[in-house]
Amino acid sequence: LLQNLISLCEMVANMGIGVAVVRSGAIALANQNYAQLASLRKATVILYCILGGSTATLLMLFRNEVSYWMLGGTEHSSSVLFLIAAVLLRLASNLQNSFLNAYHQVGVMAKAGILDSIFVSLTYIMAVWLFGFDGVVPMMIAGAAISWMVSRFFLSREITSNLVSPSSRNV
């Protein structure tokens with residue numbers, strides 16, 4: 001249920017921006033419009049900060065209600081607070097994967113997906129084995145952090161940053 005809560009919050013906060021990044025980024029790359037690509041990067045980071053912050057704020061304000069609706073009782077409201085970190089890390093990971101997709105890095109995305117699955121699965125297994133039920137919330141946060149690190153590694157390794165700096169007017 002916690003994973004579903006993270007996925008639901010992530011889906012609402014994402015608002016389809018990842019798809020728009022892939023489309024707009026691919027068009028900018030095809031036209032070799034690096035200023036537009038730099039503006040897209042800056043704008044999506046700003047949007048994700050706003051949407052992620054709004055989602056985090058709503059989860060903080062309504063943690064008891066979310067806990068009751070999604071987890072069956074208010075005794076897990078503290079878990080909802082900790083899962084905010086997982087939601088924000090997953091949003092950042094999805095943004096990085098969207099840029100890999102915009103650059104048509106299919107092979108890289110496959111490698112990242114495989115490594116992410118292996119590392120996250122091992123983390124989940126170890127957390128449950130070592131800590132039992134008490135390890136569920138930390139493993140969700142750790143899994144999201146691993147996904148972010150894997151996507152960040154491949155993004156920084158495969159895609160060089162362009163030297164074009166967007167003006168605030170173009171963002």
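At which residue does helix 5 bend? The tour starts there, in a predicted model where local features need pLDDT of at least 70, side-chain atom pairs count only at pLDDT 80 or more, and totals for chains, interfaces and linings use all residues. Residues are numbered from 1 along each chain as its sequence is written, and side-chain values use heavy atoms, with hydrogens and water left out.

**Helix 5**

Select residues 77-102, which form helix 5; helices are DSSP runs of H or I with at least four residues, numbered from the N terminus. Helix 5 bends by about 30 degrees at Leu83, the bend being the angle between axes fitted to the seven residues ending there and the seven starting there. Next, select His104, which follows helix 5 and has a positive phi, near 60 degrees.

**Leu89**

Return to helix 5 and select Leu89. Is Leu89 buried, exposed or partly exposed? Its relative accessibility is 23%, so Leu89 counts as partly exposed; buried means under 20% relative accessible area, exposed over 50%, and partly exposed in between (1.4 Å probe, protein chains only).

Methods. Helices (H or I, at least four residues) and strands (E, at least two) are DSSP runs, numbered from the N terminus. The expected span of a helix is 1.5 Å times one less than its number of residues.
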